[in-house]
Amino acid sequence: MDRQKHRILMVSDFFFPNFGGVESHIYYLSQCLLKLGHKVVVMTHAYENRSGVRYVTNGLKVYYVPWRPFLMQNTLPTLFLTFPVVRTIIIRERISVVHGHQAFSTLCHEALMHARTMGYKVVFTDHSLYGFADAGSIHMNKVLQFTLADIDQAICVSHTSKENTVLRSGISPEKVFMVPNAVDTAMFTPSPERLSCDEIVIVVISRLVYRKGADLLVEVIPEVCRLFPKVRFIIGGDGPKRVRLEEMREKFSLQDRVEMLGAVPHAQVRSVLISGHIFLNSSLTEAFCIAILEAASCGLLTVSTRVGGVPEVLPDDMIVLAEPAPEDMVRAVRKAIDMLPGINPQVMHLQLG
């Protein structure tokens, strides 16, 4: 029997050319749905001079709606001003399912509300964990309760994320599905030649923001460099905390041991990863962390903070977990360096494949 073909609208404030886990998730999910024969359209806000309709790989149609972001790539919440545009796109593209991504995206919340008003099926994917006590989270959780009150299904990326979303939004757990993130292991293959352990390279690829633990890195890197003279760091990513890392590098005179790459396009992530032995993730909160999956697929041993859904991602022999405190992270890096001789990148890659 030929399965029903859908016409799906993906909505989020976060999409290429912005870099990040949500952006690449939406893109690869859309590509997989296109391969299955569904029609997929993406709606996001304009990025600088990129506005209007663009087509990307395999005919994926992207609407860059001409609104400017006002805070952390989010558009200004207007509640009803988005309705004419959402309605036009849904009718013009003959959409059957609207799929919103990320609780922090105002565009996603508004599109889901308008789509339900028009009687369409809606799905929501939550990619992050939020607290319950600080002002931002309390406000966000109220918005989430309002938006998710009437949705058809929700998807979370880890069991921790599912529990968090159910508690925050009051949605029935039967409506929430746990679908872990995945990476295309064919894109993330280890280096053909085994790297020498004479010099150990630790790679960090992340947005340099508070919640990704950039402040932890500022304390961990000098201590690791002091304890292990043969270790050097490669840091990929950009963000408001980059200045703190640059200052740390100057203060401890580590210019020759800490390389700052700036923002790394997703297509170049593998080439950065395979130049290292260990991948360091210092997030303070994380629902899944797709970056550690990409790193493990490239054969890197991961050191990560034990937060959110991270312990669910990889088996114990591929990851060393630490509390989000500098001294414990230094201990974890020491343990990972001791484990390195027994790590075979090709075997690790095959385990994930």
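1. Helices (H or I, at least four residues) and strands (E, at least two) are DSSP runs, numbered from the N terminus. A pocket is found on a 1 Å grid over the protein atoms alone: it is an open set of points where a 1.4 Å probe fits, with protein on both sides within 12 Å along at least five of seven lines. Lining residues have an atom within 4 Å of a point. The largest share of the lining of the second largest pocket, nine residues, comes from helix 1.

2. This is a predicted model, in which local features need pLDDT of at least 70 and side-chain atom pairs count only at pLDDT 80 or more, while totals for chains, interfaces and linings use all residues. Residues are numbered from 1 along each chain as its sequence is written, and side-chain values use heavy atoms, with hydrogens and water left out.

3. The largest pocket holds about 1,500 Å³ of space. A volume here is the space filled by probe spheres set on the points, with grid points joined across faces, edges and corners. Its lining has 50 residues, and Phe19, Gly20, Gly21, Arg207 and Lys212 lie nearest the centre. Helix 1 (21-35) gives the most, with four residues. Helix 8 (269-273), strand 14 (278-281) and helix 9 (290-297) each supply at least two. By class, 26 lining residues are nonpolar, 17 polar and seven charged. Ala, Val, Leu, Ile, Met, Phe, Trp, Tyr, Cys and Pro count as nonpolar, Asp, Glu, Lys and Arg as charged, and the others, Gly among them, as polar.

4. The second largest pocket has about 1,000 Å³ of space. Of its 36 lining residues, Tyr28, Leu29, Cys32, Leu33 and Leu36 are closest to the centre. Two or more residues each come from strand 1 (7-11), helix 1, strand 7 (97-101), strand 8 (121-126) and helix 9. The lining divides into 19 nonpolar, 12 polar and five charged residues.

5. Next, the interior. A nonpolar core is a set of buried Ala, Val, Leu, Ile, Met, Phe, Trp, Tyr and Cys residues joined through side-chain atoms within 4.5 Å. Buried means under 20% relative accessible area, exposed over 50%, partly exposed in between (1.4 Å probe, protein chains only). The largest core has 66 residues; Ile221, Val224, Phe233, Leu245, Leu273 and Leu280 have the most contacts inside it. Helix 6 (residues 214-227) gives this core its largest share, seven residues. Another core, of 28 residues, lies apart from it and includes Val86, Ala111, Ile171 and Val176.

6. What does leucine 273 touch, not counting residues up to four places away in sequence? Its contacts (heavy atoms within 4.5 Å) are Phe188, Val203, Ile205, Phe279, Glu294, Ala295, Cys298 and Leu300.

7. Is threonine 147 buried or exposed? Threonine 147 counts as buried because its relative accessible area is 8%. It is found in helix 4 (residues 135-148). Leaving out residues up to four places away in sequence, it touches His109 and Leu112.

8. Phenylalanine 80 lies in the loop between strand 6 (74-75) and helix 2 (83-92). It counts as exposed because its relative accessibility is 57%. Residues up to four places away in sequence aside, it touches Met113 and His114.

9. An unreviewed UniProt entry annotates residues 198-338 as "domain: Glycosyl transferase family". UniProt positions are given in the numbering used here, feature names are shortened, and annotations may be inferred rather than shown by experiment. That span, residues 198-338, is 35% helix and 21% strand, and its end C-alpha atoms lie 13 Å apart.
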